[in-house]
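Reader: Please walk me through one part of this model at close range, strand by strand and contact by contact. I'd like it as one connected story, in plain words.

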Amino acid sequence: MSERGVAQVWRKIKSIYNLVGNHCTTCNTYYFPPRPVCPTCRRKGHLEDYKFKGLGIVHTFAIVRQAPDDFKRQVPYIMAQVELDEGTRLTAQIVNCDIQDVHIGMRVRACFRKITEYGQSGLIVYGYKFEPTMKVTGHP
Amino acid sequence: MTRRVAIAGVGISKFGELWDKSLRDITLEAGMYAIFDAQVSGKDIEAITIGNMSAGRFTGQEHLGALAADMGGLGHIPAYSVEAACASGGAAVRHAYTAIKAGEHDVMLVLGCEKMSDVSQTEAINTISVASDWEWEGLFGATFPTLFAFIARRHMKEYGTTEEHLGMVTVKNHANAVHNPFAQFQKAVPLEAVMTSGLLADPIRVLHSSPISDGAAGLIMCSEEKAKQFTDTPVFVEASTQASDTLALHDRRDICTMDAVVESSKAAYKKAKLTPDDIHVFELHESFTISEITQYEDIGLCKKGEGGKLLDEGLTEIGAKYPCNTSGGLKARGHPVGATGVAQIVELVLQLRGDAEKRQVQGAEKAMAVNIGGTGATSIVHILGR
């Protein structure tokens, strides 16, 4: 037996620390999180690991005000679906951004952050969040 | 020639926060009512299916099939639970439908149940979250309301749907629940109260959201021949269909459309040889009110993006063209997750028999239920007729 979540998080560190998904070279589609089978090509598919550039736009978002205990200290926080430049979407928190400033279409980039803690003495989970590119590079 | 499948009896427990009742109590209650209603005897029942999402996490008890057979005193008959998140109840109904259709069983007891108030609110919220893609949505802080806020925000942006529209669904469903004695909230709410209720995840407010509920519902399903022995008012299952979609909302082609609902409803209309205009009453799955709006569109009551307009015109109220959620829906009847899909069928059977009292849709002959799991990764549709 392991501490709650240790193995579960450890085995996907590559993806959640470094945005590694995969790419089907048969149909030229990118997947994040990585898929075991390309749903378009299935057995004809050929999947290779792919490290995403970490750039994208906000596709939709919500301001979370009621959260489970693990996230309570962070409310209100912004959750969004980010559409990556490679064409796939993922769900992530938006940081370095006031809640009134986030909008659909906002340009964002990935950053490495603490995601949550599993209670007082539990595992600390790290991984990707996203932040507005403007704040970091000064470019729109 | 395949045989028709009928519903000969229905039963339902009171929905709500039932502190004095256990999962066993409410499940037994709904099952007994269904058995009495159909006037079958225990020895007629050949098998049990029970829809339940997560009794293990909500109450610490699994293995509900055997539990139901035991508590009901039904002896050694086969009994199993079926899980498809919020569509578990619909899955149990469909499971019985396929077994009876195939000739494996003639008479089955179908149950749906969930006891959600035995754990803390945080634990309940966490348990509901596992209906989405936990590893890639929930882990990162996306609560269940968050995911429906994603849909609502995008629907507002693309089609001009407003916060008033989200609230109008609540107002309509609560008004219907006033006349449903089994509903959790038999109480009308004004739009103003909805619009000023607490925010869960903007733009989703507490009063756009189905509650945490305890409750159970039951059916006696059987072959047409058997139904004629038990009752003069059998209701027939004209179509039972199911479709799947990506588990995570972010992997969908379009987050404003639940493709699984589109596919399963199209297939159901085709099987029943009906169109949306032939259906007299609908039970839709609004775990959050935005999903009632997207379902109007996805089952073909209007074009994509015009769900809000349908509400503006009042077309989904009792007495109008497409009465939806006459029971009060998930919002006001309550949403004990595994019970919901069965409770929808209970409501529609009452409507088709003319037993829905003050919420009766006059002359209802065909009815449709849409039961979804998660954010639309499962959709189960039933069309009933008398």
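**Around strand β2 of chain B**

Author: Start with I48(B): its bridge partner in β3(B) is A79(B). This is a predicted model, where local features need pLDDT of at least 70 and side-chain atom pairs count only at pLDDT 80 or more, while totals for chains, interfaces and linings use all residues. Residues are numbered from 1 along each chain as its sequence is written, with chains lettered from A and ligands numbered from 1 in the order in which they are written.

Strand β3(B) covers residues 79-82, and β2(B) pairs with β3(B) over four bridges in the parallel sense (pairing takes at least two DSSP bridges between two strands). Strands (E, at least two residues) and helices (H or I, at least four) are DSSP runs numbered from the N terminus. β2(B) also runs parallel to β4(B), residues 107-115, and five bridges join them.

Now for cover. β2(B) spans residues 47-51, and five of its five residues are buried (20 or more other C-beta atoms within 10 Å of a residue's own; 12 or fewer is exposed, in between is partly exposed, with C-beta atoms placed from the backbone). A47(B), T49(B) and G51(B) point one way from the strand, I48(B) and I50(B) point the other way, and all are buried.

Staying in chain B, look at two helices. The axes of α7(B), residues 163-177, and α11(B), residues 289-298, come within 8 Å and cross at roughly 95°. That makes α7(B) roughly perpendicular to α11(B), a label for angles of 65 to 115 degrees. On the α7(B) side, H165(B), L166(B), V169(B) and T170(B) make the contact, and they meet T289(B), I290(B), E292(B) and I293(B) of α11(B) (contact means C-beta atoms, placed from the backbone, within 7 Å). By class, this contact has four nonpolar, three polar and one charged residues.

Last stop, the other chain. The contact between the chains takes 22 residues from chain B and 23 residues from chain A. On the chain B side, α5 (121-129), α6 (144-159) and β5 (199-202) each give two or more residues, and α6(B) has the largest share, six residues.

Notes
Axes fitted to C-alpha atoms, helices over the stretch in contact; angles between N-to-C directions. Parallel < 35°, antiparallel > 145°, perpendicular 65-115°, else oblique. Contact = placed C-beta atoms within 7 Å. Nonpolar A, V, L, I, M, F, W, Y, C, P; charged D, E, K, R; others polar.
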